[in-house]
Amino acid sequence: MLPAWLVPQGSAARWWWQRMSAVLLLLLGVWWLWSLWYLAGADYALVRFWAGQPVVSLALWLMMALSCLHAWIGVQGVVEDYLPDLPWRRWLLIGLASLAWFVLALTTALLMLLQRGGA
Amino acid sequence: MIFILGVAGGVAVLFRSNRMRPLSPHLGIYRIQSHAVLSILHRLTGLALMLFPAAVLVWLWALAAGETTYRQVQTFWVTPLGQAGCYLLALAAVYHLVNGVRHILWDVGYLPLTRQSVRVSGGIVLAVTMVLAILVLCT
């Protein structure tokens, strides 16, 4: 059992969130592709302005958060299916979950920085 | 016969060997079918797609770091390695997405889980993936 403060608990909840995040990521992925097409060849100032808009910032954060959640649930399933249930597997899972949280924290910090027009 | 098997089983248990236990499902002689290939591809592409949030993170970091850093990072995507990586990631995303839709359709009960249906929908997934992959390659 992995710590409750680190990873979402409960098989049914995980199953549900995997599907929900998949549907939302489908929509956000289409938006992301459209944005890449829209921003193709744009200069730094325009991209910076685009990413600084609150709605864009929120969508980017949501895309990253759901990517981390979806990836975590998937990777946990793969690891638990194919790797033997030994102590190091638990540490591997804790490491991967921590990595997901780290990515999310860094994303949040960078998006806040872009909001302020900082750096 | 049963006696010999029993003795052999007992010896195996004594030596903590798994050799006498029944083997299933004979993966060595099992003919791999399309559903198994598509299933493991879904997992493999899913693992590869962990690179996606990493790439977006690098992009955000470059954007926050300033114009010179952003330009330097942007030049990487124009190199053959960057282009190939970009295309492979897009290909993985397209397959994972299309096959993911099939999974969702199974979950809501829209697609029946019969052999025929699974085979046909698997073919459709591959066809749609190829069309989208060619579209991505053209842009």
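## Terms and model

A polar contact is a pair of N or O atoms within 3.5 Å; within protein, one atom must be able to donate a hydrogen and the other to accept it, and residues adjacent in sequence count only if both atoms are side-chain atoms. Between chain B and chain A, 5 residue pairs are in polar contact, both residues being at pLDDT 80 or more.

The model is predicted: local features need pLDDT of at least 70, side-chain atom pairs count only at pLDDT 80 or more, and totals for chains, interfaces and linings use all residues. Residues are numbered from 1 along each chain as its sequence is written, chains are lettered from A in the order in which they are written, and side-chain values use heavy atoms, with hydrogens and water left out.

## The interface

The contact (heavy atoms within 4.5 Å) involves 30 residues from chain A and 20 residues from chain B. The size of an interface is often given as the accessible area lost when the parts come together. Here chain B and chain A bury about 2200 Å², 81% of it on carbon and sulfur atoms; this buried area is computed with a 1.4 Å probe and summed over both parts.

The interface of chain B and chain A also holds 2 salt bridges, a salt bridge being a side-chain nitrogen of Lys or Arg within 4 Å of a carboxyl oxygen of Asp or Glu. A salt bridge joins the side chains of B:Arg43 and A:Asp81, at 2.9 Å from N to O.

## Aromatic rings

Over all chains, the whole structure contains 7 aromatic pairs. Rings of Phe, Tyr and Trp (its six-membered ring) pair if their centres lie within 6.5 Å; planes under 30 degrees apart count as stacked, over 60 as edge-to-face and the rest as tilted. A:Trp31 and A:Trp50 form a stacked pair, with 5.9 Å centre to centre and 20° between the planes. A:Trp31 lies in helix H1 (residues 11-39) of chain A and A:Trp50 in helix H2 (residues 44-52) of chain A, so the pair ties together parts 19 residues apart in sequence. Helices are DSSP runs (H or I, at least four residues), numbered from the N terminus.

A:Trp31 is partly exposed at 22% relative accessibility, whereas A:Trp50 is buried at 7%. Buried means under 20% relative accessible area, exposed over 50%, and partly exposed in between (1.4 Å probe, protein chains only). Ring pairs link A:Trp31, A:Trp32, A:Trp50, B:Phe52 and B:Trp59 into a cluster.

## A buried threonine

A:Thr107, in helix H4 (residues 87-116) of chain A, is buried at 0% relative accessibility. The side chain of A:Thr107 reaches the backbone oxygen of A:Val103 at 2.7 Å. Not counting residues up to four places away in sequence, A:Thr107 touches A:Trp61, A:Met64, B:Leu57 and B:Leu60.

Technical notes. Buried area = accessible area lost by both parts, 1.4 Å probe. Helix = DSSP H or I, 4+ residues; strand = E, 2+ residues; numbered from the N terminus.
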